[in-house]
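The sequence and structure are shown first.

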Amino acid sequence: MKSKNELTHRNHQNNDKIKTKVQGRIAEGSGILQKLNKLHDVTAKIDNTRTREEILNLIRLEAKWLLNYDVCFTGILNQAKTHYIVNTLSLIADAGDLNHKHFSVEEGMPGWVIKNQASFIGDIETAPHFSFTLEGKIQELGIQSLLVVHMKTGNESIGALVFGRIKQGLFSEEDTAIAQLLSLYLATALKDASIFEDARKRIAQIELINKLSNQLASMLQLETLLNTSALTIQKTFNYFDVTIFLLNDEKTEIELVAHSGNFIDFLPHGYRQSMDKGIVGWVARNGEKILCNDVLQDPRYHTYEYHNTRSELAVPITVENQVVGVLNVEDTKLHAFDETDTVVLGTLSDQLGIAIKNAKLYEEIQQANLKLTELDKMKSEFLGIVFHDFRSPLSSVMLAGKALLKNEIVQSQPRVKEYLQIIVDQANRLNQLAEDTLSITKIESGQLNYFFKIVNIERLIQDAIAMVRISSRHKIAYKIDPNVAFIKGDQTKLRQVVQNLVSNAVKYSPRGGTVNIIIEDLSPEMLSVSVSDEGIGIPKEHIGNLFRKFSRVNTGEAKDIKGAGLGLWICKEVVEAHGGKIWVESEGGKGTTMKFTLKKAQ
Ligand code: ATP
Ligand code: MG
C-alpha cells in the first residue's frame, strides 16, 4: 500500500500538470487564476486531512470561494457500486433532509453522471434523470440550475459532486473546469482516506476476531458458548441485532439458540422454524451466505410483524462441510452491511463451527463417562455381593483343612498331606482375592472406613510377615531405626499393605533370595518403609502403570506368575489415605524395592 505522503506527492504533481493545462486553455485576466490559486490552497489543506469527515468538512467551508453555488452535496458509491450515499455540504441540501440517504445508480443526476461518466450543466427541469426524491427535494427549496461532475480516481468511479443555484442563469464552462478539478482532488483524497480507514478498521477487526476466537476455543459448554458468541459478536462489532440458529438432526427445522441485540420482543429462545422459510432458512438449506441490503426487495425474506428489519446478513456455520447452523445479523437501516462484514462474519462462523464441534464432542465424552461410571458402579456392587458370600464357605474350607493337616493319620500319609496343603493354599488364595475385591468395591464406592489408632510398627511388620507363606528358598529380614516406634493409622489395612508388598517380593523372586524390610527415620514427622527383593525386577516402561487397577507386567518371566493386578492399587489407596506416598525403584533383572512413607505418631 502507498503511504499517505507518497499519495500526497502524486496529488501535487497531478494538480500542477492540470493547472498548467487549464491555465493555457482559459483566457488570462478572467479571475480564473485567482480561483486556481485558491484551489491550490484548498487542495494543500485537503492533503493534511486524515478522515473522510475532515475532507468533506473542508469542502463545506472552502468550496464557496471557488464556485458560486447555493447547494452542494456528494453522492458516494457503495462498495458494490449499486447505490450512492448522499453527503450534504450546504445548508439547503441539509434542509432537504438528504444527508446519508441511499439512492440507486439508476436514480437521480449523480446516478446519471456516474453511469455516463460525463458532466451535466443545465436547468434542473431538463435533467435527464430527474428524481423526485433527490432533485425534486432541492427544487422544492428553490434550486433551478445544476452542475454535476463525475468523481473518479484513475478508472475507478467513486461518485458524483453536485452544485446547484437558486437564481436563474446556468453554470459556466469555467465553473465546470473548476468543479472537475475539485472533484478529481476530492476523489483521490476520499479514496486515500477510505484506504487508510479500511486498513485501520481491518487491523482492529483482525485483533478482535483473534481475541474472540481464543475465547470461543476455550468454551466447552455448548449453551454458554452460543450465548457468549452472540453477545460478544454483537457488542464487539456494534451490530444492531445478532442471532444464532442451529439445525435439528433431521435437517428440517432451524432452532433459535442464541440472541443478542436491540430488537425488543424478539423471537423466544427455542423458537423453531421450517427450513423452507426466510433468509435464514435459505442459508441453512443451501449452505451459502446472503448479504441483503434491502430485504423487502428479496423474495426469500420472510416478514415478521414484531421488527422492522431492512438489512440482513446471514452466513452458514459448518462442521466438516455439513451445515449445522446459521449466524445472522440484522439492522433496521437500509444498506447496513458491506463486504467487510461478510468477511468478518465468515471468519467468525468458521471459528464457531470448530468451537461447536469441540463442545459437542465434550458433551458426548461426558455422557459416555457418565454411562461408564454407572456401569463400573454396578459391576463393583455385583462383585461386592458375590465375594462377600464367598468368604464364609471359604473360611470353613480353610479351617477344616488346617485342622485336618494337624491330624495324626494325615501326618502319616505324605500324599494326603500334600493334597490337603494344596487345598488349604488355594482356598487361602481365593480368600485373599475375595478380600482384595471387597476392598476395591469399598474404595470405589467411598465406603472404606479407616479406624486410626496408635500402632507399633514392629508388631505390624511381624504380623504381616506371619501372614505370607514363605518357601525354604526365601529369607525375610527386617531392620527398624531405633528412633521410630509408633505410627498413627489403621492397623488392619496397613498390615495388608506390608503383606501385599512382601508377598509380591516372594512371588516375583522365583529363584529365592532375601527380602529386606527397612524402616527409616525420614524427618521429625515422617518415616519410610521399604521392601526389597532380589527377584525378576520390573522393566522401566511398566513402572508408571503399576499402581493402576488390574495393571500387570505381561512380558518375560512375570507373564507366567499368576495374579489379579490389584495388590499395588490397594496399597496406593491405603497409603494415600494415611497421608503418605508409595513408589517403586527397580530395574529389570536386578530386583525390586517398593517404598512408602507414613506419618509418625506425634
Ligand atoms: P495380586 O492382585 O494378586 O497382588 P499382582 O501381584 O499381579 O496380583 P500387584 O501386586 O498389583 O498385582 O502387582 C502388579 C504387577 O507389578 C505384578 O503383576 C508384577 O508384574 C509387578 N510387580 C509387583 N511387585 C513386584 C516385584 N516385587 N517384583 C517384580 N514385579 C513386581
Ligand atoms: Mg501382588
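Predicted model: local features only at pLDDT ≥ 70, side-chain atom pairs only at ≥ 80, totals over all residues.

| Residue | Polar atom | Distance to an oxygen atom of ligand 1 |
|---|---|---|
| V553 | backbone | 3.3 Å |
| L566 | backbone | 2.8 Å |
| R552 | side chain | 2.6 Å |

Alone, ligand 1 exposes 590 Å², of which the protein buries 94% (Shrake-Rupley method, 1.4 Å probe). Two or more residues of the shell come from each of α14, α16 and β19 (592–599), where helices (H or I, at least four residues) and strands (E, at least two) are DSSP runs numbered from the N terminus. Helix α14 gives the largest share, three residues.

The shell holds 19 residues, with N504, D533, R552, L566 and L568 nearest; a residue is near if one of its heavy atoms lies within 4 Å. Nine shell residues are nonpolar, seven polar and three charged (Asp, Glu, Lys and Arg are charged; Ala, Val, Leu, Ile, Met, Phe, Trp, Tyr, Cys and Pro nonpolar; the others, Gly among them, polar).

Helices α14 (residues 491–507) and α16 (residues 567–577) have axes that come within 9 Å and cross at roughly 145°; axes are fitted to C-alpha atoms over the stretch in contact, with angles from 0 to 180 degrees between N-to-C directions. Their contact (heavy atoms within 4.5 Å) includes N504 of α14 and L568 of α16. By class, this contact has eight nonpolar, four polar and one charged residues.

Residues are numbered from 1 along each chain as written, while chains are lettered from A and ligands numbered from 1 in written order. Local features need pLDDT of at least 70, side-chain atom pairs count only at pLDDT 80 or more, and totals for chains, interfaces and linings use all residues, whereas side-chain values use heavy atoms, leaving out hydrogens and water.

Conventions. Polar contact = N/O pair within 3.5 Å; in protein donor to acceptor, adjacent residues only side chain to side chain.
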